[in-house]
Amino acid sequence: MIPSSHASSPGVVRKFCPRCGSPLSYETEERPDDVDLYAASLDDHSTFVPMKHVFWAEHVAWVTLGDDLPKLG
């Protein structure tokens with residue numbers, strides 16, 4: 001199935017499943033060589049290594065992480 005696209009804001013494209021609406025990816029003109037994928041959308045995410053945590057300022061208080069990855073925004 002081909003994902004649907006939505007230009008959610010200037011320079012940003014979000015892709016999602018056209019059948020159920022699940023988010024799949026985020027692309028921005030600020031980083032044209034990168035595509036951010038939602039790990040939960042992958043059949044096997046074990047081969048991907050996270051590089052950072054984004055939207056950290058919005059995390060719920062009970063979330064604790066045992067890594068030293070950068071925590072952004």
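1. Buried here means under 20% relative accessible area. In this predicted model, Thr-28 has a relative accessible area of 12% and is therefore buried. Thr-28 belongs to strand E3, residues 23-28. Leaving aside residues up to four places away in sequence, Thr-28 touches Gly-11 and Val-12.

2. Gly-11, one of those contacts of Thr-28, sits in the hairpin of E1 and E2, where 2 residues lie between the strands. Gly-11 takes a positive phi near 80 degrees there.

3. The pairing of E1 with E2 is antiparallel, with 4 bridges joining strand E1 (residues 4-9) to strand E2 (residues 12-16). Within this pair, Ser-5 has Lys-15 of E2 as its bridge partner.

4. E2 also runs antiparallel to E3, and 5 bridges join these two strands. Arg-14 has its bridge partner, Tyr-26, in E3. The hairpin of E2 and E3 has 6 residues between the strands, and Gly-21 in the turn shows a positive phi of about 90 degrees.

5. Strand E4 covers residues 36-37 and includes Leu-37. Leu-37 is partly exposed because its relative accessible area, 48%, falls between the 20% limit for buried and the 50% limit for exposed.

6. A patch residue needs over 30% relative accessible area, and Leu-37 has 48%.

How values were computed:
Residues are numbered from 1 along each chain as its sequence is written. This is a predicted model: local features need pLDDT of at least 70, side-chain atom pairs count only at pLDDT 80 or more; totals for chains, interfaces and linings use all residues. Side-chain values use heavy atoms; hydrogens and water are left out. Buried means under 20% relative accessible area, exposed over 50%, partly exposed in between (1.4 Å probe, protein chains only). Contact means heavy atoms within 4.5 Å. Two strands pair if DSSP finds at least two bridges between them.
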